[in-house]
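Below is a short briefing on one helix and its surroundings. Look at the sequence and the structure before reading on.

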Amino acid sequence: MRALVQRVTSASVTVGGEVVGEIGAGLCVLVGVTHDDRSAHATKLASKVANLRVFDDDDGVMNRSLLETGGAALAVSQFTLYGDTVRGRRPSWVAAAKPEVAEPLVESFANELAALGVPVATGRFRADMQVALVNDGPVTLLLET
């Protein structure tokens, strides 16, 4: 699994003009799944996101996690994280898992994150989503399991 993680002051996702997920300060997490990912990958990624030390401590050093700050996570499925442009300008999506494989793993990731104590909002799988966010920093990282 891959995740593009952005530290945000706020983030929301809408589908057809309806807000389906919204958070205040925390992390916007775009989650991609590939063919050989399993539930163990979702568990590992959730733990990494919950404990990722990207929030400032009292000295202004990135040393605190979502769990320590009480921040939330907006988890949005993003198959394009597995887009491959090595051979030209049109991305190939062959490395992205099929929706029937990816959807339960993205849900598992969100559930594992919530079980760790992180408030979680989500997008809507296979929908045309619009994600709005305000970067904090900006701090953007690519995580892989």
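**Helix α1 and its neighbours**

Helix α1 covers residues 39-51, 13 residues in total, and spans 19 Å from its first C-alpha to its last, close to the 18 Å expected at 1.5 Å a residue. The model is predicted.

- Ala42, Leu45, Ala46, Val49 and Ala50 are the buried residues in α1.
- They lie on the same side of α1, because the arc they cover around the axis is only 130 degrees.
- An α-helix has 3.6 residues a turn, so residues three or four places apart point the same way.
- Ala40 and Lys44 are exposed and sit on the face of α1 turned away from its buried side.

**What the buried side packs against**

- The buried residues of α1 pack against the strands β1 (2-15), β3 (26-32) and β8 (129-144), and against the helices α2 (66-69) and α3 (99-115).

**The crossing with α3**

- The axes of α1 and α3 cross at roughly 40 degrees and come within 8 Å.
- The two helices α1 and α3 are therefore oblique to each other.
- Their crossing, that of α1 and α3, is right-handed.
- On the α1 side the contact involves Ser39, Ala42, Thr43, Leu45, Ala46, Val49 and Ala50, and on the α3 side Leu105, Ser108, Phe109, Glu112 and Leu113.

**Alanine 50**

- Alanine 50 is part of helix α1.
- Alanine 50 counts as buried because its relative accessibility is 0%, and buried means under 20%.
- Leaving aside neighbours within four places in sequence, alanine 50 is in contact with Ser65, Leu66, Leu67, Leu113, Leu116 and Val118.
- Alanine 50 and glutamate 103 are 53 residues apart in sequence, and their C-alpha atoms are 20 Å apart in space.

Conventions: Residues numbered from 1 in each chain as written. Predicted model: local features only at pLDDT ≥ 70, side-chain atom pairs only at ≥ 80, totals over all residues. Heavy atoms only, no water. Helix = DSSP H or I, 4+ residues; strand = E, 2+ residues; numbered from the N terminus. Expected span 1.5 Å × (residues − 1). Buried < 20%, exposed > 50% of the residue type's maximum accessible area, 1.4 Å probe, protein only. Arc of directions from axis to C-beta. Contact = heavy atoms within 4.5 Å. Axes fitted to C-alpha atoms, helices over the stretch in contact; angles between N-to-C directions. Parallel < 35°, antiparallel > 145°, perpendicular 65-115°, else oblique. Left-handed = near helix turned anticlockwise from the far one by under 90°.
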